[in-house]
Amino acid sequence: MMKRLFTYIFLIITVLALGSCIENDLSYPRVNADIISIEVEGQKEVSIDAEKNTVEIVVGESVDLSGVKILACTLSDKAEVVGGMPDSLDLRNPVELVLRVYEDEVWTISASQPVERYIRCDNQAGEADIDPKSKVAYVYVSEDQSLLDVKINEMKLEPEGSKVKSTLGFISVNGQSIPKTEECHFPMVLDCVIMRYFTVEYKGQDIVWEVYFLQKAVNMEVTSVNAWAYTAGVRAIAKNGSEATIEYRKESGEEWSTVSDIKVEGRSVSAWISGLDPETGYVTRLVEGQDVSEEYSFHTGGIEQLPNLDFDSWSDNDRYPNPAGINVWDSANSSGAAVTTSPSSDSVEGYAARLESVTAFGMMAAGNIFTGQFAGLAGLGAELDWGAPFSSRPIALRGYYKYSPVEIDKAKDPYTDKIGTMDECQILAFLTDWDKQFRVNTNKKQFVDLDNDPGIIALGQINSSKADSEYVKFTLPLIYRDNSRIPTYIVIAGASSRYGDYFTGGIGSVLLIDEFELIYDPAELTESEYEQVFSKVKPY
């Protein structure tokens with residue numbers, strides 16, 4: 001890797017020399033016509049597969065699929081949509097777009113629109129079975145809940161914006177079943193001995209659902225445990241809930257402890273166990289008076305730290321923060337002064353990583369490091385494989401940084417308007433369950449979509465334009481988007497210019513980073529920091 005700069009210069013000289021003496025009488029080169037990024041109105045997630053030429057978009061419930069407005073779309077260099085990019089797409093069925101550079105390529109864009117549907121009532125035994133195709137739902141209640149007076153608390157059967165306006169049921173009068181229609185105002189108590197019809201108004205149409213209420217034997221049980229390194233979330237179903245408690249112990253122990261942080265809603269019980277030991281076997285159970293459920297075993301998560309998070313071990317003339325024989329960290333711009341060690345006189349402890357925005361071959365190049373590997377040159381840019389194998393679930397990244405920004409004096413589209421503004425640094429950390437490393441291509445502007453990549457489980461980032469006279473200690477909460485998925489990769493990255501991927505930044509901006517550490521124990525975070533970690537999802 002220490003010869004990458006010289007290889008780059010040699011390649012450029014060779015290409016220029018060949019171009020001056022060889023006449024190109026061959027066919028046009030193979031250049032892909034790709035969709036790099038796309039944003040549509042109401043978008044929640046987007047997944048782009050450049051190998052299959054597909055785009056899969058998840059949109060919100062309120063989006064009209066017959067006319068989904070395109071807000072932004074980035075294509076690969078020189079690519080265009082044959083016939084022009086439409087303003088909107090009818091995504092009720094997959095749509096094909098033909099892209100062209102030298103050859104035509106067909107891309108398929110499809111959309112999914114998940115709809116949250118639920119019926120919630122007192123003494124419910126599990127979730128309702130709801131079939132949106134046949135418009136039939138089954139609601140299960142406990143055996144001691146009379147079907148003559150079921151209290152329905154909430155109901156949503158059609159997309160956002162719909163309203164359950166009325167219900168038709170049958171009541172017994174002198175031994176005969178007489179239909180009775182009532183307006184719906186939840187919560188409401190209804191006679192549900194016989195199947196009921198519910199009329200839902202959605203976009204001016206009335207949609208009729210059949211809803212059956214059935215009694216079901218309820219067994220008290222622990223249904224799931226979501227175990228982290230120091231904590232675990234427990235869910236259970238109680239017989240009546242009024243006396244429900246959750247207990248736990250180590251597999252190797254005998255004494256049971258009672259959980260204090262417990263929530264009971266009807267028969268649903270949830271509890272949060274804290275103060276556990278990492279990588280340890282535990283057992284939990286539900287207790288109601290003299291009744292005790294079967295025991296549920298679980299194992300707490302591990303604590304995993306990446307090699308050289310303190311940036312003290314360097315190789316290849318101090319251009320890579322990797323211990324000998326370990327290849328975790330790399331850089332897109334390792335040449336010159338872009339990435340190097342910072343001496344102990346300018347570090348928190350030992351050495352620090354020094355990232356500087358420089359000029360390379362007339363182009364702006366941000367000093368950067370990331371977990372992953374440099375994959376090769378790509379035109380005037382590079383290909384990078386982002387991500388280091390990782391399977392634990394930290395809740396924060398802690399460390400130190402010091403930033404010395406200058407005004408942005410180099411810029412490319414779409415950030416030319418930032419000329420003259422103060423440069424920004426970036427520290428980024430996120431967990432993913434990708435099936436392989438993400439291939440970044442700076443020439444094609446192919447980057448991780450931090451907002452919409454469905455593989456991202458948790459994310460945290462710092463962007464700062466403030467000049468620091470001393471190191472700043474930071475704790476960066478990893479905000480989880482999913483509470484159950486286990487990571488396969490972790491990405492940690494630092495850059496002296498936030499928009500360096502777009503050749504935009506201030507020549508001379510310097511970012512120093514040092515003493516990084518992944519945090520797992522909630523006791524090490526403030527209450528506000530911990531709330532950020534689970535601000536989008538519950539921890540269990």
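Arg 285 lies over the face of Trp 256, 3.8 Å from the ring centre. A charge counts as over a ring if NZ of Lys or CZ of Arg is within 6 Å of the ring centre and within 35 degrees of the ring normal. The model is predicted: local features need pLDDT of at least 70, side-chain atom pairs count only at pLDDT 80 or more, and totals for chains, interfaces and linings use all residues. Residues are numbered from 1 along each chain as its sequence is written, and side-chain values use heavy atoms, with hydrogens and water left out.

**Aromatic pairs**

- Rings of Phe, Tyr and Trp (its six-membered ring) pair if their centres lie within 6.5 Å; planes under 30 degrees apart count as stacked, over 60 as edge-to-face and the rest as tilted.
- The count by this rule is 19 aromatic pairs.
- Tyr 248 and Tyr 282 have ring centres 6.5 Å apart and planes at 55°, so this pair is tilted.
- Tyr 248 belongs to strand β20 (residues 244-250) and Tyr 282 to strand β24 (residues 281-288), so the pair ties together parts 34 residues apart in sequence.
- Strands (E, at least two residues) are DSSP runs, numbered from the N terminus.
- Tyr 248 is buried, at 16% relative accessible area; Tyr 282 is buried too, at 3%.
- Buried means under 20% relative accessible area (1.4 Å probe, protein chains only).
- Phe 474 and Phe 516 have ring centres 5.5 Å apart and planes at 90°, so they meet edge-to-face.
- This pair links distant parts of the chain, with Phe 474 in strand β39 (residues 472-477) and Phe 516 in strand β42 (residues 510-519), 42 residues apart.
- Phe 474 is buried, with a relative accessible area of 6%, and Phe 516 is buried, also with 6%.
- One aromatic cluster is formed by Phe 311, Trp 329, Tyr 401, Phe 474 and Phe 516.

**Arg 120 and the second largest pocket**

- The charged end of Arg 120 sits over the ring of Tyr 118, 3.8 Å from its centre.
- Arg 120 is also among the residues nearest the centre of the second largest pocket, with Glu 127, Arg 235, Glu 265 and Ser 268; 26 residues line this pocket.
- A pocket is an open set of points on a 1 Å grid over the protein atoms alone, where a 1.4 Å probe fits, with protein on both sides within 12 Å along at least five of seven lines; lining residues have an atom within 4 Å of a point.
- β9 (118-121) is one of the strands that each supply at least two lining residues; the largest share, 4 residues, comes from β9.

How values were computed
Buried means under 20% relative accessible area, exposed over 50%, partly exposed in between (1.4 Å probe, protein chains only).
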